[in-house]
Amino acid sequence: MRIKSSINFIYYNSMVNYKDLGLVNTRDMFKRAINGGYAIPAFNFNNMEQLQAIIKASSDLRSPVILQVSKGARNYANQTLLRYMAQGAVEYAKELGCHHPEISLHLDHGDSFELCKSCVDMGFSSVMIDGSALPYEENIALTKKVVEYAHQFDVTVEGELGVLAGVEDEVVAEESHYTQPEEVIDFVTRTGVDSLAISIGTSHGAYKFTPAQCTRDPQTGRLVPPPLAFDVLDAIMEKLPGFPIVLHGSSSVPQEYVDIINANGGKLPDAVGIPEEQLRKASKSAVCKINIDSDSRLAFTAAVRKVFAEKPGEFDPRKYCGPARDLMIELYSHKIKEVLGSDGKLANCD
Ligand SMILES: [Zn+2]
């Protein structure tokens with residue numbers, strides 16, 4: 001008995017509420033994003049330089065931001081360290097002059113109730129439960145269970161309907177299945193989710209489409225991907241007016257980064273992403289969260305490869321992670337200002 005109660009005592013004390021870390025959930029930022037016709041950036045991170053770059057860009061531009069962590073990233077970075085990194089991010093934003101930052105710490109692609117619960121208990125302000133690969137009724141049951149737990153702590157929950165193609169950490173799917181608009185009302189009502197990730201042709205990773213799925217620009221020879229299924233998005237918005245929609249796999253795979261990587265010893269043939277023009281259009285709709293991961297990886301890798309190629313004698317990580325950080329700041333700033341339109345959208349920009 002005594003042993004059991006002492007375990008409970010330790011467990012109880014290890015629980016952390018995100019509000020104590022200075023984080024916010026996604027409810028209010030999504031509401032404003034839908035009404036304002038812009039989208040909130042959800043940038044994945046797993047290391048200090050990425051986090052510094054995300055906070056620098058979002059703070060300078062007064063943008064709400066979602067720090068997104070996958071299961072793989074959580075294993076890579078360590079959950080305890082992550083919690084303090086998120087808390088540090090809030091303080092860093094204030095130090096940069098952004099006195100009222102709106103930063104969410106979000107679990108990307110939670111694959112079990114236990115993982116989502118563990119994140120809620122460790123200071124995440126938002127979690128995704130991805131039951132999209134399960135049969136429909138099982139997806140509903142699992143998502144509902146996570147919502148019931150998370151909402152006790154005012155943690156917001158993202159669910160998913162439809163399957164995205166591509167590779168992202170442990171999430172792998174051969175082909176995509178668009179979200180079926182007929183299912184969304186039932187799913188959202190029965191699960192109680194706060195936002196819904198849908199599949200309309202975006203895809204995970206740096207190879208979003210095979211060359212066979214694309215056409216080629218006759219002038220540049222570059223691959224031109226097929227357009228997103230905006231008709232499916234429209235049908236979903238009609239069913240769920242004003243409900244927050246999420247797009248995963250929305251990196252654009254900037255060809256300038258791919259070119260730098262390939263010119264400096266890398267090998268990324270035919271890497272292709274979602275054209276920014278399409279994401280700009282989506283941002284103006286009920287899509288209020290856009291996930292970007294691969295673009296940051298590409299920027300980081302391009303900068304590091306360039307330093308290594310130009311200065312083979314360099315062995316101080318600050319001398320190659322520093323330029324990587326600079327390039328990521330440029331990338332995140334560009335996304336916020338030129339693609340998603342979330343700059344200057346904090347409730348209080350002082
Ligand atoms: Zn995803």
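This is a predicted model: local features need pLDDT of at least 70, side-chain atom pairs count only at pLDDT 80 or more; totals for chains, interfaces and linings use all residues.
Student: How many residues of strand β3 are buried?

Tutor: Terms come first. Helices (H or I, at least four residues) and strands (E, at least two) are DSSP runs, numbered from the N terminus. A residue is buried if 20 or more other C-beta atoms lie within 10 Å of its own, exposed if 12 or fewer, and partly exposed in between; C-beta atoms are placed from the backbone. Now the case: β3 covers residues 103-110, and eight of the eight are buried, so the strand is largely enclosed by the rest of the structure.

Student: Which bridges join β2 to β3?

Tutor: Two strands pair if DSSP finds at least two bridges between them. Strand β2 (residues 65-70) runs parallel to β3, and six bridges join them. Leu67 has Leu105 in β3 as its bridge partner. β3 also pairs with strand β4 (residues 126-129), in the parallel sense, over three bridges.

Student: What do β3, α6 and β4 make?

Tutor: A crossover is right-handed if, with the strands pointing away from the viewer, the path from the first strand over the helix to the second runs clockwise. β3, helix α6 (residues 113-121) and β4 form a right-handed β-α-β unit.

Student: At what angle do the axes of α3 and α5 cross?

Tutor: Axes are lines fitted to C-alpha atoms, for helices over the stretch in contact, and angles run from 0 to 180 degrees between N-to-C directions. Helix α3 (residues 48-60) and helix α5 (residues 79-95) have axes that come within 10 Å and cross at roughly 35°.

Student: Which residues in α3 and α5 meet?

Tutor: Contact means C-beta atoms, placed from the backbone, within 7 Å. Leu51, Ile55 and Ser59 in α3 meet Met85, Ala89, Tyr92 and Ala93 in α5.

Student: Where does His109 lie, and is His109 buried or exposed?

Tutor: His109 lies in strand β3. His109 is buried, with 25 other C-beta atoms within 10 Å. Its phi is positive, about 55°, although His109 is not a glycine.

Student: Where is Asp270 found?

Tutor: Asp270 sits in the loop between α10 (255-263) and α11 (276-283). Asp270 has a positive phi of about 60°, and is not a glycine. Asp270 counts as partly exposed, with 13 C-beta neighbours inside 10 Å.

Key: Residues are numbered from 1 along each chain as its sequence is written. Two residues are in contact if their C-beta atoms, placed from the backbone, lie within 7 Å.
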